[in-house]
Amino acid sequence: MKIEGACHCGTITYQAVVDPDKVAICHCNDCQTLSGSAFRTVVPATKAAFTLRTGEPKIYVKTAESGAKRAQAFCPECGTPIYSAAVGDAPVFFIRVGTARQRARLRPKSQIWCRSALDWVMDLGSVARSARQESLAPQGKPIE
Ligand SMILES: [Zn+2]
Ligand SMILES: [Zn+2]
């Protein structure tokens, strides 16, 4: 499946070919911190199937507990995470699904690192819902 993506400010744009059956959620602590959210959703694209069209992401190399290093690419202007990859000549790019225009069609098929998942994540159906933010935002102030 062909996808196109961009960061929030539009500096970074890319296109890729991905397998929708490989979309996964990662609940690890690093993904929680680096995404600024409860979990991260990714889809892999091989080097040959990933093309950076505009912009040059900034790279942050994180070191895991295991000592393994991973390059985390993000927009230097708006901070949107774009992908992670091996340090150096990476064979695979793990694209951050939220940056893809076609993200609604990229449903996760698996979840990893569930031992560090936030327990409420598995039960979002019980959380109060609003079509927009009016009724739920504290003092009516924007929360996004
Ligand atoms: Zn940006
Ligand atoms: Zn993770």
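These legends describe close-up views of a predicted model.

**View 1. The largest pocket and the residues around its centre**

The largest pocket holds about 540 Å³ of space. It is lined by 24 residues, and those closest to its centre are Cys26, Cys28, Asp30, Lys62 and Trp113. The largest share comes from α1, which supplies four residues. By residue type, the lining of the largest pocket has eleven nonpolar, five polar and eight charged members.

**View 2. Trp113, in the segment after β10**

Trp113 is among the residues closest to the centre of the largest pocket. The segment after β10 contains this residue. The phi angle of Trp113 is near 55°, a positive value in a residue other than glycine. Is Trp113 buried, partly exposed or exposed? With a relative accessible area of 45%, Trp113 is partly exposed, because that class lies between the 20% limit for buried and the 50% limit for exposed.

**View 3. The second largest pocket**

The volume of the second largest pocket is about 360 Å³. Its lining is made of 15 residues, and Ser37, Phe39, Arg40, Thr41 and Gly98 are the closest to the pocket centre. Seven residues of the lining of the second largest pocket are nonpolar, six are polar and two are charged.

**View 4. The largest nonpolar core**

This core has 21 residues. Which of them touch the most other members? They are Ile3, Val18, Phe50 and Ile95. At least two residues of the core come from each of β2 (13-17), β4, β8 (81-86) and β9. The element that gives the most is β8, with three residues. Around Ile3, the residues in contact are Tyr14, Gln15, Ala16, Val18, Ile95, Ala100, Gln102 and Leu106, leaving aside residues up to four places away in sequence. Two of these contacts, Val18 and Ile95, are themselves among the core residues that touch the most other members.

**View 5. The salt bridge between Arg101 and Glu4**

Side chains of opposite charge can pair when their charged atoms come close. The model has four salt bridges in total, and one of them joins Arg101 to Glu4. The closest N and O atoms of this pair are 2.5 Å apart. The two residues belong to distant parts of the chain: Glu4 is in strand β1 (residues 2-6) and Arg101 is in the loop between β9 and β10 (110-112), 97 residues apart. Arg101 counts as exposed at 63% relative accessibility, whereas Glu4 is partly exposed, with a relative accessible area of 22%.

**View 6. The salt bridge between Asp21 and Lys109**

Asp21 pairs with Lys109, and their closest N and O atoms are 3.7 Å apart. How many residues apart are Asp21 and Lys109? They are 88 residues apart, with Asp21 in the loop between β2 and β3 and Lys109 in the loop between β9 and β10. Asp21 is exposed, with a relative accessible area of 55%.

**View 7. The salt bridge between Lys47 and Asp89**

In this pair the closest N and O atoms of Lys47 and Asp89 are 2.6 Å apart. The bridge links distant parts of the chain, since Lys47 is in the loop between β4 and β5 (50-54) and Asp89 is in the loop between β8 and β9, 42 residues apart. At 42% relative accessibility Lys47 counts as partly exposed, whereas Asp89, at 63%, counts as exposed.

**View 8. Gln32 in helix α1, and Leu118 in the segment after β10**

Gln32 is found in helix α1. Its relative accessibility is 13%, so Gln32 counts as buried, a class that requires a value under 20%. Residues up to four places away in sequence aside, Gln32 touches His27, Ser37, Ala38, Phe39, Ser116, Ala117 and Leu118. Among these contacts, Ser37 and Phe39 are also among the residues closest to the centre of the second largest pocket. Leu118 is in the segment after β10 and is partly exposed, with a relative accessible area of 30%. With the same exclusion of residues up to four places away, Leu118 touches Gln32 and Ala38. The C-alpha atoms of Leu118 and Cys75 are separated by 27 Å, and the two residues are 43 residues apart along the chain.

Conventions: Residues numbered from 1 in each chain as written. Chains lettered and ligands numbered in written order. Predicted model: local features only at pLDDT ≥ 70, side-chain atom pairs only at ≥ 80, totals over all residues. Heavy atoms only, no water. 1 Å grid on protein atoms, 1.4 Å probe; cavity = no way out; pocket = protein on both sides within 12 Å on 5 of 7 lines; lining within 4 Å. Points joined across faces, edges and corners; volume = space filled by probe spheres on them. Nonpolar A, V, L, I, M, F, W, Y, C, P; charged D, E, K, R; others polar. Core = buried A, V, L, I, M, F, W, Y, C linked by side-chain atoms within 4.5 Å. Buried < 20%, exposed > 50% of the residue type's maximum accessible area, 1.4 Å probe, protein only. Contact = heavy atoms within 4.5 Å. Salt bridge = Lys/Arg side-chain N within 4 Å of Asp/Glu carboxyl O.
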